Amino acid sequence: MERGIKPAANQNWLWVILLVILANLVQLPLLQLSRGSVGHRVLWGAIYLGGFAVAVAIAAWRYRSLWREAFHWQRLTRRDWRLMVGGYLLMLVAEQVLSLLNYYVSHQTSTANNQAISRLLGQSPWTMVLMSLTVICASPFLEEFTFRGLLMDGCFGPQAFWVPIVVSGIAFSLVHASTTLISALIYAVMGGVFAYVYRKTGKIQATIILHAFNNLIAMGMMWVTLLS
C-alpha cells in the first residue's frame with residue numbers, strides 16, 4: 001500500500017481525541033437496555049448498534065483519508081499470520097504473568113475494565129447479546145482504525161517505528177479505565193503488540209482480526225463464568 005500526502009498531524013490528533021469521546025458516548029445506551037418495556041429496550045438497542053455503526057464509519061473514513069490514492073485491502077501473507085499468532089501468544093503470556101502479579105500486589109483478580117464489562121453483561125440477556133456483538137464485531141474496527149491506523153499513520157511519520165508503537169500502547173491503555181499500574185500495563189502491552197503487528201504488516205485487517213479474536217476469547221470466558 002503506497003502512502004500519499006497526509007493531513008496535518010495536529011488535525012489527526014484531534015480526530016483521535018474525538019473518536020475516543022465518540023467511542024465512550026456510544027456505550028451510554030447500554031444503561032437503558034435492562035429497564036423499561038420490550039419496545040423501550042429494542043429502541044435503545046437499535047440506538048446502541050446504530051451509534052457503533054456511525055462511529056466505525058467515521059473512523060474508517062478518516063483512516064481512508066490518510067491516502068490520496070485508491071485504498072485497497074491487501075491479502076494477508078503467511079508471514080502476516082505468523083506475526084499475528086506470535087503476537088497473540090505474547091499477549092497471552094504477558095497477560096497471565098501480569099495478572100498474577102496484579103493479584104499478589106493489588107489483590108485484584110480481574111482488571112477494572114473487565115469487571116465493568118462483566119457487570120454490564122449480567123444486567124440482562126439483551127445487554128449480554130448486544131454488548132458481546134459489539135465487543136467482538138465492532139470495537140476491534142473502531143479501536144484499530146483509531147489507535148493503530150489514525151494515531152500511528154496520521155500523527156507520526158512513516159519512518160517512525162518504536163515511538164508510535166509505545167504511544168499507541170499507552171493511549172490504548174488509558175481508555176481502558178485501569179485502577180492499578182499493573183492492570184494498566186496489561187492493556188499497554190496489548191495495545192503495543194497490536195501496534196507492532198500493524199507496523200510490521202502495514203495491514204489494518206491484521207490487527208482487526210487479532211483484536212477481534214482476543215475479544216472473542218475474553219467474552220467467551222466471561223459468558224462461561226456468568227452462566228455457570
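This is a predicted model: local features need pLDDT of at least 70, side-chain atom pairs count only at pLDDT 80 or more; totals for chains, interfaces and linings use all residues.
Which residue lies over the face of Phe172?

1. Arg148 does, at 4.9 Å from the ring centre. A charge sits over a ring if NZ of Lys or CZ of Arg is within 6 Å of the ring centre and within 35 degrees of the ring normal.

2. Residues are numbered from 1 along each chain as its sequence is written, and side-chain values use heavy atoms, leaving out hydrogens and water.

3. The whole structure holds 12 aromatic pairs. One of them, Phe141 with Phe145, is tilted, at 6.4 Å centre to centre and 45° between the planes. Rings of Phe, Tyr and Trp (its six-membered ring) pair if their centres lie within 6.5 Å; planes under 30 degrees apart count as stacked, over 60 as edge-to-face, the rest as tilted.

4. Phe141 and Phe145 are four residues apart in helix 6 (residues 139–155), so about one helical turn separates them. Helices are DSSP runs (H or I, at least four residues), numbered from the N terminus. Phe145 is buried at 6% relative accessibility; Phe141 is partly exposed at 31%. Buried means under 20% relative accessible area, exposed over 50%, partly exposed in between (1.4 Å probe, protein chains only).

Notes:
Helices (H or I, at least four residues) and strands (E, at least two) are DSSP runs, numbered from the N terminus.
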